[in-house]
Amino acid sequence: MADYHDDLRLAHVLADAADAATMDRFRALDLKVETKPDMTPVSEADKAAEELIRHQLQRARPRDAILGEEFGIEGTGPRRWVVDPIDGTKNYVRGVPVWATLISLMEAGEGGYQPVVGVVSAPALGRRWWAAKGAGAYTGRSLSSATRLRVSKVAQLSDASFAYSSLGGWEERGRLDGFLDLTRAVWRTRAYGDFWPYMMVAEGSVDICAEPELSLWDMAATAIVVQEAGGTFTGLDGVHGPHSGNAAASNGLLHEDLLEYLNRG
């Protein structure tokens, strides 16, 4: 099995640099915010963090391609870094501390590119999670000071904690009835939003989560963290990995039930 330790160490260095840049502008009174064509916000911090990561990658991994939310794809080849400079921009611009930089390395293989390294860094929460293929998932302050992540063993929906982002997306896609049925079937629901539910699935504090519309950069890093913690990450179509345009993550034991509810008409 390939050793991704050097790539994981680099991803941590990139996350450190991004954390410094994003925290420097978090809650700044003069933060500049624009609206993208898809009507979502982008701040100067989003752009600055992605540019910083790109410049460091171009120096450290000049042969690798880079895909980022703000500046698109650059380069070709079997290895591709995928970056979301601030996942949770709406929180960021309102001063809510639930946002993170997502950095993933994907490699070409059967079924297309698949994540092999992922780092999720949430500096305003003081948290970071990471994983590498075949090496497990961890959380902590550094590679040398970390705790192994493992999903929960909850096996019944009636005992499960379900996390989601919002109701609107489910209604827009004709999946609201199944979503609401699921909320009634579980023990507890909370709308933590963005990257955080997936990390809580990985650490066993939440059992299932899902979102109806996402991009690759929203999912690549979170997918491998969930998987390496022993969980399951698919699209709502049940296809494993971060390529379906939406996501369902679980401890594995509840995944079939999760998908059954969310695919109801």
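The model is a predicted one. Its largest nonpolar core has 30 residues, and helix 7 gives the most to this core, with six residues. As background, nonpolar side chains tend to be buried together in soluble globular proteins.

**The largest core**
- Six residues touch the most other members of this core: Val120, Trp129, Phe195, Tyr198, Val225 and Phe233.
- At least two core residues come from each of these elements: strand 6 (100-109), strand 7 (112-122), strand 8 (127-132), helix 6 (196-203), helix 7 (216-228) and strand 15 (247-250).

**Another core**

**A look at Phe233**
- If you leave aside neighbours within four places in sequence, Phe233 is in contact with residues including Tyr198, Met219, Thr222, Ala223, Val226 and Gln227.
- Among the other contacts of Phe233 are His240, Gly241, Pro242, Ala247, Ala248 and Ala249.

**Where helix 6 meets helix 7**
- The axes of these two helices come within 8 Å and cross at roughly 15°.
- Because angles under 35 degrees count as roughly parallel, helix 6 is roughly parallel to helix 7.
- The crossing of helix 6 and helix 7 is left-handed.
- Helix 6 makes the contact through Tyr198, Met199, Val201 and Ala202, while helix 7 uses Thr222, Val225 and Val226.
- Sorted by class, this contact of helix 6 with helix 7 has six nonpolar residues, one polar residue and no charged residues.

Terms used. Residues are numbered from 1 along each chain as its sequence is written. This is a predicted model: local features need pLDDT of at least 70, side-chain atom pairs count only at pLDDT 80 or more; totals for chains, interfaces and linings use all residues. Side-chain values use heavy atoms; hydrogens and water are left out. A nonpolar core is a set of buried Ala, Val, Leu, Ile, Met, Phe, Trp, Tyr and Cys residues joined through side-chain atoms within 4.5 Å. Buried means under 20% relative accessible area, exposed over 50%, partly exposed in between (1.4 Å probe, protein chains only). Helices (H or I, at least four residues) and strands (E, at least two) are DSSP runs, numbered from the N terminus. Contact means heavy atoms within 4.5 Å. Axes are lines fitted to C-alpha atoms, for helices over the stretch in contact, and angles run from 0 to 180 degrees between N-to-C directions. Angles under 35 degrees count as roughly parallel, over 145 as roughly antiparallel, 65 to 115 as roughly perpendicular and the rest as oblique. A crossing is left-handed if the near helix is turned anticlockwise from the far one by less than a right angle, and right-handed if clockwise. Ala, Val, Leu, Ile, Met, Phe, Trp, Tyr, Cys and Pro count as nonpolar, Asp, Glu, Lys and Arg as charged, and the others, Gly among them, as polar.
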